[in-house]
Amino acid sequence: MYRPGKGKTPRKPGPKKASNIEKDPVGVYCRIRPLGTEDEECCIEMISSSTIQLHAPDGLKANRNGEYKEMQYSFKKVFGINTNQMELFEDVAKPLVEDLIHCKNGLLFTYGVTGSGKTYTMTGSPGDGGLLPRSLDMLFNSVGPFQAKRFVFKPDDKNGMEIQSQVDALLERQKRDSQPLVPKTPSSRQKADPEFVDMISPEEACKSENVDDDCCYSVFVSYIEVYNNYIYDLLEDAPFDPIRPKPPQSKILREDQNHNMYVAGCTEVEVKSTEEAFEVFWKGQKKRRIANTQLNRESSRSHSVFTVKLVQAPLDADGDHILQDKNQVNVSQLCLVDLAGSERTSRTRAEGSRLREAGNINQSLMTLRTCMEVLRENQMCGTNKMVPYRDSKVTHLFKNYFDGEGKVRMIVCVNPKADDYEETMLVMRFAEMTQEVEVARPVDRPICGLAPGRRHRNQAFRDELSRRLEERGGPSNADDPILLDPLIESLPALPPCELMDPADDQTLPRLIEVLERRHRIRQMMSEQFNKSASTMKSMLQQFDGQLGAKETFIHDQQSKLSEKDKVIISQRAEIDRLEKKHKTLEYKVDILQKTTDMYEQDKRSLQQELDTRAQRLQMELSERRRMEQRMQGMVTDTKLKWEKECERRVNAKQLEMQNKLWVKDEKLKQLKAIVTESSSGSRPAERPEKPERPSRERDHNIGKKRSASPSPLPTAPPVRPTHRRSQSAGGEKWVDHKPPSNLDLDTVMQPIIPNAIKVSTPNEKALSKCHKYVLRHQELASDGEIETKLIKGNVFKTRGGGQAVQFTDIETLKQECPTAPSRKRRSGSAEGPAQMDDTENRAPVASTSLAVGYQKRRKP
Ligand code: ADP
Ligand code: MG
C-alpha cells in the first residue's frame, strides 16, 4: 500500500484505475466467550468450525409465541469457548503482522456488546495476553536485531517520516537525554501495572521468518480514544495538575498529501522493544481509565485505537548506513481497535426505559454499519453512492482501509448468555453484511534495487577487522599509567628542594641542574616522539592510501556483486516464469496423455473388432471355397451324367431314325416301283434323275395313304423379321418359280408379282436378270390338305460367275376343309417322309450353285 519513497501513512490508490485490482472480503471471525456461570442458559451453539447457531432463549420463546427461529451464521472461522489467545493470534493477527513487516497495512477490530470479550481479545489479561501484546512481541522478535538507532526516523507531523543521519540522530539523542525529565504522573499504583512479561510466556514467542535484513526498522506507536465523537491522544505528555485537572484536548483529523486520514498532532512514540511498547500502551490505558473516572464517562462507550507504525529503509550498498533517501522509506501500519459496546442501551443505566434506547445508540457504530451497507451495495450493485465516512471520527479515520488497500479483519465477540440474545442477533446481522464488503488487496512492495545480503557482508567485514586488530595486540592507549610510570621513573630524581635557610645557595642550583637535565631529556624524547610521530603519520598515510584502494576495490566488487544479484533476480523471475510454463505444459501433457490413452483404448477395441471380423471373413471365405469346390464337383458330375445321357439318347434317336429312314427308303422304293409301273405307258419320266420327288398329283393321290407328318422346320431359317409382301415387290424384279407339278388351287390368296419372270425351272438367264426369287412349293400338310409355301430369296452373283439364291423368307398358304378331322392326324404322327423328301429335294431346284442355307439343312 505504501509506495516506497513517500514515507507516508496509508496511501489512497490513485483515481479509480482499473477493475482488475484484486480484492478480498473483510475477514470476519467469531469468538464465543465462556458463560459467566455454568448453569446460565446458553443461546449459541457452535455447529462447525465456521458456523454457529442462535437459539432463542426459553423466556423469549414463550413471550413471542415461538416467533424466533433458530438462525445460523457463517464466518471465516469460529473460535469456541476453549480457544486460547495463542490460537486466535495465529489465525487472525499473525498474518497481519507478517503483512506489516512486508509494508502492507492492516486493520483489526473487535466488535460486540459490552462484556462479550472485546477487550479480553484485544488486550488480554496477565498471563493471557491478547492480540495486541502478541502482535508487538512478534514484531520485535522479527525486526528487533535490525532496528535503526533512535531518532534516525522522525515523524514529520504531516503523517510522513523523515530520515536523518546517524550523527544527527546521536546529537538529538544527547539533547533529549540532557533535558530534564517531564514530570511523570504521580501514581501510587505504578507498581500494580502489568508488565509485558506477565502477559505472554516466553515459549509462546513467535517471529516472522522472512524479514529483509538489508533494511533498518523503527517502530512507532500511537494510542487514541474516540469518545462521543471526539478524539483524544492517550500518549500526550501534558503536565498534570492534581489539584485542578484540565480536561484533555481533543484532536482533529487531517488528510495528508496522499489523501490518507491521520490524527493531527498525535503523539507517536518510537519504541525499541516489546516491553517499551507495552509500557507505552499501558500508560495510555491508564490515562484513559483516569480520564473516564474523572469525567464520569462510561468506558464501554469509547473506542480505542492503538496504531503500530513500522518504518523501514534499506541499508546503503556498503551495508553500513541507512540509505539517506526519503523516497526509499516505507511506512506501514497496523491498527488494533477495541470498539465500543455495540448494544443500543447502556446497560449500567438503562433499566428498561425503551424510550431512551434510541438516544443511546452509539453514533459511531451506527455510521460504521451504514458505511458497510453502502460499500456493500456499491460493490454488489455497481452503484456509486457516497459512503458516509465523515459522519463519524472512527469511520473517517478508517476510510483509507476501505477505499484504498489493506487487509481488514474483524473479530465478532459474543457472549452466549440469554440476556444478550437480541443484541447478539443484531451483531450477527452486521457481521454477515460486513463479510460481503471487499477491500483491495495490498500490492507487493518493489525491491529497492540494491544487492541483498549487504548487512551480512558488512558484519562479516567488521568481525574480520576486529579479529585482525586483536591479533596485532589491540589498540594502544597512551594514557595508560602502566606505560607512563616507567617513563617517569627513568627521569633523574628531583633533589630535596626545601629552603630552610635564606643563605642556602646549594639547593636551588642543584634543582636547576636537575631540571635542566630533565628538560634536555624531555627535549630529546620530544624530538624522538616527533620523529616517531612523523614516521607513524607517513605509515598511516600509506595505510590510508592502501585502505582507500581496498575500499574502491571493495566498492567495485560490491557493484559487480549487485549487478550479479540483479542478474540473479531477473533469472529467478525467468525461472519462476519457466516453472509456471512448465506446470501449464505438464498439465497439458497430462490432458494429452489422457486423450491418447482414450484413443489407444478405442484403437485397441476397434482392432479387436477388426480382427474378429477378419477371422469371420476368412472363415466365410474358406466355407465358400469349400462350397464352390463341392458345387464344381456336382456340376461336373451332373454334366458328365447328362453328357452320357445325351449321347445315349442321341445314339438311340440315331438308331431310331436310321431305322425309320430305312423303312422309308423301303417304302419309297416300293412306291417308286408302283409309280413306274403305273405311268410307264402314259407319261414318260420327265426327270428320271429325280424319281424320289413326288408330283402334285401323286401327292394328292397318295395324300390319303400316308400319314402326314409336320414338315421339319429349318433349324435356322433365313427369315426376315419384316414381313414384306407384294407391295414391296413393286420396284424389284422377281423370278417366279412355279414348278410344273404345282396344282392350281382356287384360293383367294394368290400372290401377284408384277414384272416377274415366270419359270417352271429356274435358269441362269432368268436369275441373272432378277434380284429376287420366289418358289411356289406345294406339299401335303399333316392334315392331308395341300399347303403352298412361298419360299423367297435374294439373288446374287457368285464369284465363279454363276447365280446363287439365298433364301430369306417362307410364306405358307393353306387351304382347310372345315369338316376334315385334322387334329388327330396332325398331332401324334411321326410320319411324313414324303414331306421331308420335298424339302430335301427342293434344294437343287432352288439354286444352280448351292445356297449356303440349304447346304446346311441338307447335312443332317
Ligand atoms: P468487553 O470489552 O467486550 O466489554 P471484556 O473483554 O471486558 O468485554 O470481558 C468481560 C469479562 O469477560 C472479563 O472479565 C474477561 O476476563 C471475561 N472474558 C471475556 N472473554 C473471555 C474469554 N474468551 N475467556 C475467558 N474470559 C473472558
Ligand atoms: Mg472492553
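I listed the residues near ligand 1 (a heavy atom within 4 Å): Arg-31, Arg-33, Pro-34, Val-113, Thr-114, Gly-115, Ser-116, Gly-117, Lys-118, Thr-119 and Tyr-120. The model is predicted, so I note that local features need pLDDT of at least 70 and side-chain atom pairs 80 or more, while totals for chains, interfaces and linings use all residues. Residues are numbered from 1 along each chain as written, chains are lettered from A and ligands numbered from 1 in written order, and side-chain values use heavy atoms, without hydrogens and water.

By class I find three nonpolar, five polar and three charged residues in this shell, with Tyr and Pro counted as nonpolar and Gly as polar.

A backbone N or O atom of Tyr-120 lies at 2.7 Å, a polar side-chain atom of Arg-33 at 2.8 Å, and a backbone N or O atom of Ser-116 at 3.2 Å. The protein covers 66% of the 550 Å² of accessible area that ligand 1 has on its own (Shrake-Rupley, 1.4 Å probe).

Next I traced an open sheet, E3-E4-E5, paired antiparallel (pairing needs at least two DSSP bridges). E3 (44–48) and E5 (71–74) are its edges, each with a single partner strand, so one side of each has no neighbour in the sheet. Four bridges join E4 (51–54) to E5; Gln-53 has Gln-72 in E5 as its bridge partner.

Terms used: A polar contact is a pair of N or O atoms within 3.5 Å; within protein, one must be able to donate a hydrogen and the other to accept it, and residues adjacent in sequence count only if both atoms are side-chain atoms. Helices (H or I, at least four residues) and strands (E, at least two) are DSSP runs, numbered from the N terminus.
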